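Try each task before reading on to its solution.

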Amino acid sequence: MLFKILPKSELAGLFAALSENDIIGPVHKGDNRAGTPLFDFARVTDFDTLRLDFTSTVHSAKRFVLPYRETLSTFRITKDSWEKQVDFNIERPFVLFGLHACDINALNKLDKVLMGSVYPTPYYAAKRRNMFIIGIDCIPLSSCFCRSMGTDTALTGFDLFLTDLGERYFVEIRSAKAFQFLKGLSLSDPADSDHDLYLDKNTAMNAAFVAHVETSDLTKILDLEFESPVWKDWGARCLSCGTCANVCPTCYCYGVEETVALDLSSARKEKQLHSCNLVDFAEVAGGHNFRPESASRLKYRYYHKHRGFVEAFEESLCVGCGRCGRSCLAEINVPDVIASIRHEEMVSDR
Amino acid sequence: MGKEKTYLGVPVYRPRVAFFEFTSCEGCQLQILNREESLLDFLNLVEIVDFREAMTEGSDDYEIAFVEGCISRDDEVVRLQEIRQRAKVLVALGSCACFGGVNQLKNRFLDQGWVHRQVYGEYPIASLPVRSLADIVTVDVSIFGCPIKKEEVEKIVTNIALGKSIVHPKYPVCMECQANENICLFDLGEPCLGPVTRAGCDSWCPNNRAGCWGCRGPADDADPQRLKAIMVKHGFSLETIIDRLDCFGGFVRESARLRDELENVGQTGSVDPGGGI
Amino acid sequence: MNHKLEFVDVLAESHEYRPATDLKSFEYSHAAEITNVYPMTEHEHLYQLRIVDPEARSRFTFRPGQFVMLEVPGIGEAPFSISSSPSRHGDLDLCIRHVGTLTNFLARVGRGTRVGISGPFGTSFPVEKMYGQNILLIAGGLGIVPLRSPIMTVLENRSRYRKVDIIYGARSPAELLYTYEYEMWRKFDINLNIIVDHPDETWTGPSGLITTILDQRIATASEGFSGRTFAIVCGPPVMFKFVCQRLIDAGIPMQRIFVSLERRMHCGRGKCCRCNIGSTYTCLEGPVFDYWTVMNLKEAI
């Protein structure tokens, strides 16, 4: 890895140069009623609207690789036959300008199941292979617990990673492409004082963590506590609304629906992000539902994130971004749920 | 029409359909006539034999009856029962037909005589408390919404033509609202019935930063008690919640329950958010 | 300085169609033609399908117990167990019960209809491991469908197996499937026992629970039977729980008892997660599981 120092004034130039491509980045979307700014990822054409000082976005950058709704194939229907067309729904490469470590790691995790396992999915891969990622450091919110999940630093999965040192950025250059793109900008080698600032930044980040999830032995504890009454309590709270799955950077479960056009000359097969909390997640043709209670569905969500994925890939599917907890109207959040399963004190009780 | 239409060799069912309206604004039928670009394809799939808003002639020979509006008079009851007898399939079109719609707000007045005098004066008209179609006859298919979405009607008609079953989303509006990456209305300080209302509208109102009023009725697993807890926690009064739940008639039982609670609050002076929050 | 990113065509990286490993195969389906529709009961039809391209047809290989995804464009896609023998390659038998949109549409199609077939997917019954052993095939209701492929395989290789029993329970005689094949199965020295819950006036066989037959079979088994026996079980959850418990009690090791489980799958490729039991993908790690694995699935079956 190559480390360089980039004056902040140079970033606009990099942005302008990269504007030959579509740029997606964090933008200010509005304020909540307490006056706190809310951010989300969107197409950015004006450098001044790019908010690299964002806290967290409400939604992850997931939709740019895994759209909530996506056409898998279309069919041209003739008298008694048909023809199938497949399109991966991407026309040109794009830049993700300003991803926090948790979101970079989220993509790395999705890669494992969507590209690295049997039946790699081309819809995801086509977008993933056409991204240029610029990471940015952050100060965690009180609800962030990426440290617990080991996702507070990104080791791979980006081209550039910026750490804000006040007047300048500490830049990690990961790809040759990024190195090329930085040519012509006034880069310098980090001085000892930059190292100090970088370490200070690291200390400040560490000091900001409040929420914590104890992951030791978690897969076994989840098995032991499979019948725990605690699940029922959480289930009783859950609205089965699917908000958590939408805001989550790693939820990828989906449903497929086929429709015929009104003129019957074409048909379409679409996937739609589904949530394991939705009432019909495990319903089969004929109506039988394997998980009719909200408690069993909520439990399944935790089993998938914190047990099943760990078994398959030796890491959790959760990156600790805290979005699900912040968005949940019923105030269900990962640190509290895991603590209650472990018979520990919940953060919200402190 | 010439030869019988098929889809992948399977005959397509082209039903004779009729449209009827009872107490309503007739806006749902208007939705169907809007979007001229797909109207011809729509007419290829069905044979419309009666549609007062679109044609002059009418016929009693139909298989599917699309019925808009709620029932608020004696003669409407009789006419609805006649339609039910003739139709193989009766479709409730829109919130009024499904739940009574905005019209059923009338039922909330304790003094119905006063309502009648305010609206009709001395005009001799026998206006009954509002009922949904299902209160009187068997409804085979419901198309929710105020107004209905034409795309949804088109999809349902296509499904009928092909023999596909008609399924509505079972989950609440939040699912669609978050997929549209809206800011949650609660964050903006707006009340919203999204967490309990059946999806399918693609979060039409929240997309425009307006809270959901529940026009599509309750989602399959809806828990209005939980919603109440959330609303109270966000500083909304029971009256606000009841107002919302009352609006389209899909949550009549829940709002009645909350009204009882409100009377108790009147006595004790405190609101219990309930639901463990 | 050029900052334009170069477009990467992901399919350029995959050279040929390799099922399960390359990006091309994900949304690939074989065009298949329905060559015959044979009504078996009021609610179930047997469909014979043939992959249209002769080369793809002969290249199509599967193992007994695996499933395919069948798609009718615009109507739907769903998993179905392959009911035919692997030796017939891409000439497939599927037994389909009409319960949902797709299957009700299939009830109306005739010969010559084109559908899409992808797969085969999932795990299978290890029929080679069973060489030289006794086999108990136990099916309840529609559970006979995934068993028909291993049954055909056993028939084709009858001499390689010792005693073979089929124990089959159905609600009523009218719901029995593959009735036209019973004679043939018996002629291949298979001990076929059928029991129904609700006999009608034509029924001469036994009535009651499937476990009655199984108990008799176990009681009359020769010395050392359990040590030389594999079991293949498929049926409704209640049935196979009781059946498997009896097999275990009779001394058959759990890892020699195989079951086929059913869940709703949307993709069949370990991506949509709809078929997961606990955190196990039925489509990848199943539908065929040995009973030890089933015992370890963290969700009620």
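The exercises below cover a sheet and an interface.

This is a predicted model, in which local features need pLDDT of at least 70, side-chain atom pairs count only at pLDDT 80 or more, and totals for chains, interfaces and linings use all residues. Residues are numbered from 1 along each chain as its sequence is written, chains are lettered from A and ligands numbered from 1 in the order in which they are written, and side-chain values use heavy atoms, without hydrogens and water.

**Exercise 1.** Trace the strand order of the open sheet of seven strands in chain A.

*Solution.* Start with the order, which is β1-β9-β8-β7-β6-β2-β3 with mixed pairing. (Strands are DSSP runs of E, at least two residues, numbered from the N terminus; two of them pair if DSSP finds at least two bridges between them.) Next, find the edges: β1 (2-7) and β3 (37-43) of chain A each pair on one side only. Finally, look at β2 (residues 22-31) of chain A, which pairs with β3(A) in the antiparallel sense over seven bridges; there, G25(A) has A42(A) as its bridge partner in β3(A).

**Exercise 2.** Describe the interface of chain A and chain C.

*Solution.* Begin with contacts (heavy atoms within 4.5 Å): 65 residues of chain A touch 50 residues of chain C. Then turn to salt bridges (a side-chain nitrogen of Lys or Arg within 4 Å of a carboxyl oxygen of Asp or Glu): the count between the two chains is five. One of them joins E71(C) and K269(A), with the closest N and O atoms 3.6 Å apart.

Technical notes. A polar contact is a pair of N or O atoms within 3.5 Å; within protein, one must be able to donate a hydrogen and the other to accept it, and residues adjacent in sequence count only if both atoms are side-chain atoms. Helices (H or I, at least four residues) and strands (E, at least two) are DSSP runs, numbered from the N terminus.
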